[in-house]
Amino acid sequence: MKNYLIAFFTFFLIVSFKSMAQQPRAQIDPKATEVWEPVVSKVDPGKDIYSPPSDAIILFDGKDMSEWEIGDHTKWIVKDGFVTIQESEKHRKEPTSIATKKAFGDMQLHLEWRSPAEVKGGGQRRGNSGIMLQGKYEVQVLDSYDNRTYSNGQAASVYKQYYPLVNACRKPGEWQVYDIVFTAPKFEENGDLRFPARVTLIHNGVLVQNNVEIQGRVAFIGPAKYTAHDLKQPLHLQDHGDAVSYRNIWVREL
Ligand code: MG
C-alpha cells in the first residue's frame, strides 16, 4: 500500500511539474496553438452565388461603405462594385478592423471575398483578412488555394480553434462565398458564460464548419477565453494589410 501511494504521488508530481513547465510556452509562443495535422483535403466548389433575400440588412451593396465605421486608421477603396483593403506593411504587423454601425446577436451572414490575383507572400502573409463575428470571434479569410499554413489558421478556419472540414478555396483572384450562421454567446449577470457562441460556415456552397462551439475571443497567442459582453455587437472585417476585396455583404437577424 505504501509503495503504491509513493508511486501515485510521484506520478502526480511529475504530471503537475510537466503541466507547469508547459504553461509559460503557451502564454508566450504563438506556435503553441498552431495545429498542422491533419492537412485539410481539397474539394472543387460549384460556381453559383446569390443576391440578398427581402428581409436582409444590406451592409455593402457595392456602392458605398456608409454602414461601416472606418475612421482614418485603415483605407477601404470602393470601385467597380466591390471594396478593397489598401495594402499596408504596418497592418501586416498590427492588424486592425472596421466595424458595422449596427450591432448584431444571432445572425445569418452572407459575404463574398477575393484574395489578390497577384500572389505575394506565403502562409499567413497571403491574402489575409478575417470576418470578426461580434468583433471577437474570427472566421479566417486567407488565400489557401495552394498555400500551406497551420490547418487551424487557413481560410474558413475558426482561427486557432477549428480547421475547416475540407478546403473549398477557389484560386486567388476568384470570388469566394461565405455563408455563416452565428449564435451569439450568452452571459450570466455576474459575467459567467451561460452558453458559448456557435458557428456554422458554408464556403462556396460546401459545409466546412458544422455548428462548432467557439472557445472564446480569438487569440494569436495562448488559449482563447471569453469576456462577458452585451448580446449584440458590431460585425468587424479585419485589415491585415493585404489587398483583399469584399462584395455583397448582408445579414439576416435571427
Ligand atoms: Mg485573419
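Trainee: What makes Asn128, Ser129, Glu138, Gln140 and Gln238 the protein donors of the magnesium ion?

Mentor: In this predicted model, the donor atoms Asn128 (OD1), Ser129 (O), Glu138 (OE), Gln140 (OE1) and Gln238 (OE1) lie 2.2 to 2.4 Å from the magnesium ion. The cut-off for a donor is an N, O or S atom within 2.8 Å of the metal, so these atoms qualify. Water is not among the atoms, so the site may look incomplete.

Trainee: How are the donor residues spaced in sequence?

Mentor: The donor residues of the magnesium ion follow the pattern N-S-x8-E-x1-Q-x97-Q. Within that pattern, Ser129 belongs to strand E7 (residues 129-133) and Gln140 to strand E8 (residues 137-141), the two residues being 11 apart and linking distant parts of the chain. As for accessibility, both Ser129 and Gln140 are buried.

Trainee: Why is Met132 called buried?

Mentor: The relative accessibility of Met132 is 9%, and the limit for a buried residue is under 20%, so Met132 counts as buried. Met132 has its place in strand E7, and, leaving aside neighbours within four places in sequence, Met132 is in contact with Tyr137, Glu138, Val218, Leu235, His236 and Gln238.

Trainee: How far apart are Met132 and His236 in sequence and in space?

Mentor: In sequence Met132 and His236 are 104 residues apart, whereas from C-alpha to C-alpha they are 4.8 Å apart in space. For the protein as a whole, 71% of the contacts with a separation of 6 or more are between residues 24 or more positions apart.

Trainee: Which residues have the most contacts inside the largest nonpolar core?

Mentor: Ile131, Leu133, Tyr178 and Tyr246 have the most contacts inside this core, which has 46 residues. Strand E6 (residues 107-114) gives the most to the core, with 4 residues. Leaving aside neighbours within four places in sequence, the residues in contact with Ile131 include Leu109, Leu111, Tyr178, Ile180 and Tyr246.

Trainee: What is the volume of the largest pocket, and which residues are closest to its centre?

Mentor: The largest pocket has a volume of about 310 Å³. Of the 16 residues that line this pocket, Pro95, Tyr159, Phe220, Gln238 and His240 are the closest to its centre, and Gln238 is also one of the protein donors of the magnesium ion. Helix H2 (89-93) and E8 are the elements that give two or more residues to the lining.

Trainee: How much of the protein counts as buried?

Mentor: Of its 254 residues, 48% count as buried, and the secondary structure comes to 2 helices and 15 strands.

Technical notes: Residues are numbered from 1 along each chain as its sequence is written. This is a predicted model: local features need pLDDT of at least 70, side-chain atom pairs count only at pLDDT 80 or more; totals for chains, interfaces and linings use all residues. Side-chain values use heavy atoms; hydrogens and water are left out. Donors are N, O and S atoms within 2.8 Å of the metal (3.2 Å for Na, K and Ca); water is not among the atoms, so sites may look incomplete. Buried means under 20% relative accessible area, exposed over 50%, partly exposed in between (1.4 Å probe, protein chains only). A nonpolar core is a set of buried Ala, Val, Leu, Ile, Met, Phe, Trp, Tyr and Cys residues joined through side-chain atoms within 4.5 Å. Contact means heavy atoms within 4.5 Å. On a 1 Å grid over the protein atoms alone, a cavity is a set of points where a 1.4 Å probe fits but cannot get out, and a pocket is an open set with protein on both sides within 12 Å along at least five of seven lines; lining residues have an atom within 4 Å of a point. Grid points are joined across faces, edges and corners, and a volume is the space filled by probe spheres set on the points.
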